[in-house]
Amino acid sequence: MSFQPFDEMQKAVDIVNDSPHPVNKVAATIFGFDRQGRDFSISRTNYWPEIIEARLGMHTDVGDSSGTVHAETACILDAPLTDKTALCVTDPVCPNCAKNIAEAGIKTIYIDHKGFTKDFSARRGDAFTNMSMQICEKAGISVYQIFRKEQRLEPILRIDADYHPAQDSPLEYERLYGVITRKSFAEYVEKMRHRHRGRRFACAIGRDRVSGNVFSLAARSHPVIGYSMATDAPLLRDSENKYNYMLEPINRLIMGAARIGVKLIDGMIFCTNIPTSREQVNLIGGGVTRLYVEYANKALDEAAILAKRTVTTARILDFQDLDELQALINPVQPHEKSTDT
Ligand SMILES: [Zn+2]
């Protein structure tokens, strides 16, 4: 079967009015082939994850993020594999989604031409042109405008076939065998803490969505794929506005997992710091209810701490201490603690 981007865009257009967002209704379709070569096509609107809608409603922010998952990211969260797939979206892509799309390994984006004429697009115009497109260029993502009626594609950004983006800190992942227990997860976390000592990182256990095979995954905080700390430092430091070029470890883990077709296992996710507001919403969107953190009060910004308070109070996401994991490896007897000098 071969995909027609016009048909795939139509699927997104067909559901866009189902978006629960009162103003910014956006839909996307992700399409491609899974690891076993079977075709898939998944369409999603932007939405509030059910548990957020039920417990916080649609008007409560999670830290400095809205409670919504953007349509493009929603597609990534549900796709069986995102590497080398394509995405159709009704509206210009925001920089945060551009970063997710890049990290997830998607190589082509089609944007409906009508998306460029909306109010919403006008408000987002600068961020799209200055940042989303730059992220796509660096990551090697071709971007086209789609004219459905005329069945016409107009390139906005075309990438050379031989372009390979810089990638100086790729996702680490490894196939695991045997039964994975909380104890073996705890041992894996200790191994990664040793390897990434002193850095912000996250690691997890995930399961291949098609084969069921189990993998360990780890990622550090790093600029989005294509950018390098060594050569792009001045640009990367200049991130005082709403968006920046960094991807925090949990987002890298979520998108990296999608890239290899893996879904993170709830309760087998660890992060050194409190994830950002947006990362927390993405985790929730991915069905996560529990994660372990090393520094329960350390985050990139105050908003993340606020987000944590909101989602824990509403019992949406539970943050557990690293100690609880470590206790599985080295059970500490009460008397040993008191005699420790
Ligand atoms: Zn977005």
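## Confidence, packing and strand order

Among the elements of the protein chain, the lowest mean pLDDT, 54, belongs to helix H12 (residues 334-339), and the highest, 98, to strand S3 (residues 86-89). Here pLDDT is the predictor's confidence in each residue, from 0 to 100, while helices (H or I, at least four residues) and strands (E, at least two) are DSSP runs numbered from the N terminus. The protein chain averages a pLDDT of 92, and 93% of the residues score at least 70.

The model is predicted: local features need pLDDT of at least 70, side-chain atom pairs count only at pLDDT 80 or more, and totals for chains, interfaces and linings use all residues. Residues are numbered from 1 along each chain as its sequence is written, and side-chain values use heavy atoms, with hydrogens and water left out.

Helix H1 (residues 5-15) has as its buried residues Pro5, Phe6, Glu8, Met9 and Ala12; buried means under 20% relative accessible area (1.4 Å probe, protein chains only). These residues lie on the same side of H1 because they cover an arc of only 165° around the axis, taken from the directions from the helix axis to the C-beta atoms. The buried residues of H1 pack against strand S1 (27-33), strand S2 (39-45), S3, strand S4 (108-112), strand S5 (142-147) and strand S6 (152-157), where contact means heavy atoms within 4.5 Å.

S4 is mostly covered, five of its five residues being buried. Thr108, Tyr110 and Asp112 point one way from S4, Ile109 and Ile111 point the other way, and all are buried. In a regular strand the side chains alternate between the two faces of the sheet.

Leucine 87 stands opposite isoleucine 109 in S4. From S3 the chain crosses through helix H4 (residues 95-103) to S4, and this β-α-β crossover is right-handed: with the strands pointing away from the viewer, the path from the first strand over the helix to the second runs clockwise. Isoleucine 109 also stands opposite valine 143 in S5.

The structure holds zero disulfides, a disulfide being a pair of cysteine sulfur atoms within 2.5 Å. Cysteine 75 is in no disulfide, and the nearest cysteine sulfur, that of cysteine 88, is 9.5 Å away. Cysteine 75 is buried, with a relative accessible area of 0%, and cysteine 88 is buried, with a relative accessible area of 0%.

Technical notes:
Buried < 20%, exposed > 50% of the residue type's maximum accessible area, 1.4 Å probe, protein only. Pairing = 2+ DSSP bridges.
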